[in-house]
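Have a look at the structure below, try each task yourself, and then follow the steps.

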Amino acid sequence: MRQSKEMPRLIGITGGIGAGKSEILSFIQKHYSCEIYLADLVAHKVKEPGQPAYEPLIILLGSDIIDRDGLIDKEKMAERIFNDPALLAKVNEIVHPAVRSYLEQAVSRARSRRETELVFIEAALLIESGYQEMVDELWYIHADVETRAGRLRESRGYSDHKIRAIMEKQLSEEAFRDACDFVIDNSGSLEDAYRQIRKRLEAFTWLET
């Protein structure tokens, strides 16, 4: 973590699938002077025409991944890299630096404008991608395995087999906690999670909605 005193303060948010990161960020968006960037959405952005990952991905994967509108077809791209770890690694070598550059520029603009107090970057792979060096502090959204699995079955219709397969590929509880500065326990009610956030951000302006 950078531990900079620059404003706005830059906070990274991470956690396993089903931990409730979206609900936490929705609450923050409503009640604090902030900007929020979701790494998954930025990853789609940098693949658009004119963006830095567009041409390199076409060169790597072939022009047949382009749809009739000139956009990269996500399903065709997924088919091309499915079960090909080497090719996936090459795709990541293109996309991840482009995402990081986009986020660094967004943070720089926010700090030059000084119109917001907080900037949040959310990504499941925040730790694996080395964002600790970029952010001022890193938050881990925690929920126990049973709670996360129940949410995924209910909201996404995932099977137990799919849930286990996804969770096994993510960092362990210990790894998340060791890397992060602050843990929000979201195993219970959202109101309890919101209380933890309010306490952590009590030095920042609260916005009524």
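## Exercise 1: Salt bridges

E104 and R100 sit four residues apart, about one turn of the helix, and both belong to helix 5 (helices are DSSP runs of H or I with at least four residues, strands are runs of E with at least two, and both are numbered from the N terminus). The model is a predicted one, in which local features need pLDDT of at least 70 and side-chain atom pairs count only at pLDDT 80 or more, while totals for chains, interfaces and linings use all residues. Residues are numbered from 1 along each chain as its sequence is written, and side-chain values use heavy atoms, with hydrogens and water left out.

**Task.** Find how far apart the closest N and O atoms of E104 and R100 are, and state how exposed E104 is.

**Solution.** 
1. Apply the criterion: a salt bridge needs a side-chain nitrogen of Lys or Arg within 4 Å of a carboxyl oxygen of Asp or Glu.
2. For E104 and R100 the closest N and O atoms are 3.2 Å apart, and the pair forms a salt bridge.
3. E104 has a relative accessible area of 40%, so this residue is partly exposed (buried is under 20%, exposed over 50%, partly exposed in between, with a 1.4 Å probe and protein chains only).

**Task.** Which parts of the chain does the salt bridge between D136 and R111 link?

**Solution.** 
1. The closest N and O atoms of D136 and R111 are 2.9 Å apart, in a salt bridge.
2. This pair links distant parts of the chain, 25 residues apart: D136 is in the loop between strand 3 and strand 4, and R111 is in helix 5.
3. D136 is buried at 0% relative accessibility, and R111 is buried at 13%.
4. Elsewhere, salt bridges with shared partners join R9, E137 and R200 into one network.

**Task.** How many salt bridges does a search of the whole structure find, and why does the one between R9 and E137 tie together separate parts?

**Solution.** 
1. The search of the whole structure gives eleven salt bridges.
2. In one of them, R9 and E137 bring their closest N and O atoms to 2.7 Å.
3. R9 belongs to strand 1 (residues 9-14) and E137 to strand 4 (residues 137-142), so the pair ties together parts 128 residues apart in sequence.
4. R9 is buried at 17%, and E137 is buried at 8%.

## Exercise 2: A helix pair

**Task.** Describe how helix 1 and helix 9 cross.

**Solution.** 
1. The axes of helix 1 (residues 21-31) and helix 9 (residues 190-200) come within 11 Å and cross at roughly 55°. Axes are lines fitted to C-alpha atoms, for helices over the stretch in contact, with angles from 0 to 180 degrees between N-to-C directions.
2. The two helices are therefore oblique to each other (under 35 degrees is roughly parallel, over 145 roughly antiparallel, 65 to 115 roughly perpendicular, and the rest oblique).
3. In contact (heavy atoms within 4.5 Å), E23, I24, F27 and I28 of helix 1 meet L190, A193, Y194, I197 and R198 of helix 9.

## Exercise 3: Positive phi

**Task.** Where do N83 and R114 lie, and are they buried or exposed?

**Solution.** 
1. N83, with phi near 60°, is in the loop between helix 4 (74-81) and helix 5 (85-113); at 66% relative accessibility, N83 is exposed.
2. R114, with phi of about 55°, is in the loop between helix 5 and strand 3 (118-122); at 59%, R114 is exposed.
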